[in-house]
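Hi,

Here is the structure I promised to pass on. My notes on it follow below.

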Amino acid sequence: PVEVISNAELRVGFLGRLGRVFKEKAKSDIQLLFSGFSKTRENLAVVDELLTYWNLSDSENILDELEEVLLVSDFGPRTAMKIVDGLRKDILKGTLKSGPDIKVALKRIIVRLLTENVSSTELQLGQSRPAVIMIVGVNGGGKTTTIGKLAHRFKNENVKVLMAAGDTFRAAASEQLEVWAERTGSEIVVGEGSKPRPATVLAEAVRQGLEQDIDLVLCDTSGRLHTNYNLMEELRSCKRAVTKALPSAPNEVLLVLDGTTGLNMLPQAREFNQVIGVTGFVLTKLDGTSRGGCVVSVVDELSIPVKFVGVGEGLNDLQPFDAEAFVDALFP
Ligand code: GDP
Ligand code: MG
């Protein structure tokens, strides 16, 4: 018997593969990608020095200093302690016998913090079309740019993308998104009137996505401080409206974290997650004078994976997150 696969089913299988699209791309030159890690790297360079002179009798002092270095590199007290405790345990067990051993172990512990207890770093786009991704975060972090980059990647895979101009706070925001839509050949839904409600725009986009046989709806939102109660409530209503339009949506809520902000990331991530439930992070501006080391604490505390890193302003400057490459960049 011939198996009949409807067009719709084919598209669904296709959607399932989309989450992996980014993963399959070759790893780029890591040194180049993280050229902006200067701030964190400068601090962490001390680690090499510390470990060069490491000897067993002095290990407690060196572990203290190591903890200090991690703290000034934005790892956060809880995570820094966890890392050092892990090393201490192995040193006492006698499995770490030299400076280089310790460095390898240090990197392994950090990779583990970034990958254990978190769900997949692949996009989870579900089974029904359209898949919907909401992009949220503070002002200027790179939300709109990330939408452009995502659309570009997906368009290369023949995905039908629709953008939703949910940042109705600033007049220029929709125009900025329109430029990205044009550049990537995506459809776009923009609100009408002088001050459209963002929830209305997003819900309308999802409805049009359903009608027009769209594969992926990318929802832009206004930047907001995690401390602004009203704006955070507005975000909640945006998500509700999207779910009302399509019960399976949103499939992903990606929080954009600006890699140059250091430890402020932590309260931001906590609050956004509490208000709408974040499914992944996009860590942007790693090409700048980034302080991205902080993201280790964020992932460790919230058990939410980093899914992408932004490494520039161009269409191709979005990479899937690779924990090992990331840690190699931190500790060359
Ligand atoms: P939004 O307010 O969160 O939507 O932020 P935008 O997407 O408008 O980006 C704010 C600024 O950051 C723009 O000038 C972007 O070009 C820039 N930007 C976004 N992502 C990156 C990145 O990964 N690297 C660099 N260097 N700049 C970025
Ligand atoms: Mg924007």
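**The largest pocket**

Helix α5 gives the lining of the largest pocket its largest share, five residues. Helices here are DSSP runs (H or I, at least four residues), numbered from the N terminus. Bear in mind that this is a predicted model, where local features need pLDDT of at least 70, side-chain atom pairs count only at pLDDT 80 or more, and totals for chains, interfaces and linings use all residues. Residues are numbered from 1 along each chain as its sequence is written, chains are lettered from A and ligands numbered from 1 in the order in which they are written, and side-chain values use heavy atoms, with hydrogens and water left out.

The pocket holds about 270 Å³ of space. (On a 1 Å grid over the protein atoms alone, a pocket is an open set of points where a 1.4 Å probe fits, with protein on both sides within 12 Å along at least five of seven lines; lining residues have an atom within 4 Å of a point.) There are 14 lining residues, and Lys-82, Ile-109, Arg-112, Leu-113 and Glu-116 are the closest to the centre. By type, the lining has three nonpolar, three polar and eight charged residues. (Asp, Glu, Lys and Arg count as charged; Ala, Val, Leu, Ile, Met, Phe, Trp, Tyr, Cys and Pro as nonpolar; the others, Gly among them, as polar.)

α5 (77-93) also packs against α4 (59-72), at about 155° with the axes 9 Å apart, so α4 is roughly antiparallel to α5 (angles over 145 degrees, on a 0 to 180 scale between N-to-C directions, with axes fitted to C-alpha atoms over the stretch in contact).

Cheers

Terms used: Helices (H or I, at least four residues) and strands (E, at least two) are DSSP runs, numbered from the N terminus. Angles under 35 degrees count as roughly parallel, over 145 as roughly antiparallel, 65 to 115 as roughly perpendicular and the rest as oblique. Grid points are joined across faces, edges and corners, and a volume is the space filled by probe spheres set on the points.
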